[in-house]
Amino acid sequence: MKNKSLLLYLFIGMMIFAGCSKMDAYLDIAGREEIAYTGRVDSLKVLPGDGRLELTWLLISDPKITGVTIYYNSKKDSVVMPVKRSQGVDSMYHLFSSMPEGTYSFEVYTWNNAGSRSVPAYITGRSYGSIYKNSLLNRALTDAVITDSNAVLSWGLAEETVTGMEVTYTNNAGATITVKEPRTAASTTLTDYKPGSSFSYRTLFRPDTLCIDTFYTTAVTRTPQ
């Protein structure tokens with residue numbers, strides 16, 4: 001039993017020695033210096049848009065950070081941003097324009113003038129374009145009637161990504177009036193509506209709560225009863 005315990009201790013000792021030897025060999029190659037990293041970006045977000053994307057993040061730790069690099073398109077493209085740290089938390093962003101509709105992956109690093117850089121922060125986002133726009137449908141208009149010189153419009157159910165409706169009409173004075181309604185509106189009253197005239201309406205969409213752009217359907221023209 002004692003011999004088995006002795007062999008076990010010898011085996012553990014040999015494993016520890018081998019691990020230390022490998023670490024010593026690595027440090028010899030690296031000049032016996034430990035790898036230093038800068039602080040990683042915090043609260044990284046991607047905000048989708050119409051043919052564009054915006055990245056936002058915070059710099060909380062490491063006052064020695066002097067720059068940020070963003071890689072995208074499988075590292076074929078990059079953006080380098082100099083940084084001048086404040087005494088507290090720094091909020092940063094970068095807007096990527098001319099981004100055709102599709103999904104994009106980003107790698108974000110911080111770095112300093114000593115040549116150190118952070119471990120990467122990864123994020124994926126989508127830009128929207130004609131494919132998404134062509135899929136949008138107006139909110140259903142269930143009724144449109146004239147009541148006491150006003151036109152009253154009744155709306156059907158709204159999709160989750162609908163943010164509102166926009167209605168344009170002509171009043172009795174011949175002026176063009178535009179009314180914007182929230183998605184929660186079940187009906188819309190167009191005051192002082194000119195009899196016999198038509199109105200147009202379109203629906204507003206935001207595909208994501210973080211989206212930086214609002215999308216519109218093609219306007220539809222109707223005449224109230």
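Visitor: Let's start with E54. Which residues does E54 touch, leaving out those up to four places away in sequence?
Guide: E54 touches K45, V46, L47, Y93, H94, L95 and I212. Contact here means heavy atoms within 4.5 Å.

Visitor: What kind of model is this, anyway?
Guide: This is a predicted model, where local features need pLDDT of at least 70, side-chain atom pairs count only at pLDDT 80 or more, and totals for chains, interfaces and linings use all residues. Residues are numbered from 1 along each chain as its sequence is written, and side-chain values use heavy atoms, with hydrogens and water left out.

Visitor: Okay, back to E54. Where does E54 sit?
Guide: E54 is in strand 2. Helices (H or I, at least four residues) and strands (E, at least two) are DSSP runs, numbered from the N terminus.

Visitor: And is E54 buried or exposed?
Guide: Buried, with a relative accessible area of 17%. The cut-offs are under 20% for buried, over 50% for exposed, and partly exposed in between (1.4 Å probe, protein chains only).

Visitor: How many residues along the chain lie between E54 and C211 as their separation?
Guide: They are 157 residues apart along the chain, and their C-alpha atoms are separated by 9.2 Å.

Visitor: What does strand 2 pair with?
Guide: Strand 2 (residues 53–59) runs antiparallel to strand 1 (residues 42–48), and five bridges join them. Two strands pair if DSSP finds at least two bridges between them. In this pairing, K45 stands opposite T56.

Visitor: What's in the turn of that hairpin?
Guide: Four residues lie between the strands, and G51 takes a positive phi near 65 degrees.

Visitor: Switching topic: how many salt bridges does the structure hold?
Guide: Seven. A salt bridge is a side-chain nitrogen of Lys or Arg within 4 Å of a carboxyl oxygen of Asp or Glu.

Visitor: Why would such side chains pair up?
Guide: Side chains of opposite charge can pair when their charged atoms come close.

Visitor: Which residue does K133 pair with?
Guide: K133 forms a salt bridge with D50, and the closest N and O atoms are 3.0 Å apart. The pair links distant parts of the chain, 83 residues apart: K133 is in helix 2 (residues 130–134), while D50 is in the loop between strand 1 and strand 2. K133 is partly exposed at 35% relative accessibility, and D50 is partly exposed at 32%.

Visitor: What about E107?
Guide: The side chains of E107 and K75 meet in a salt bridge, at 3.7 Å from N to O. E107 belongs to strand 6 (residues 102–111), and K75 is in the loop between strand 3 (67–72) and strand 4 (77–82). E107 is buried at 18% relative accessible area, whereas K75 is partly exposed at 42%.
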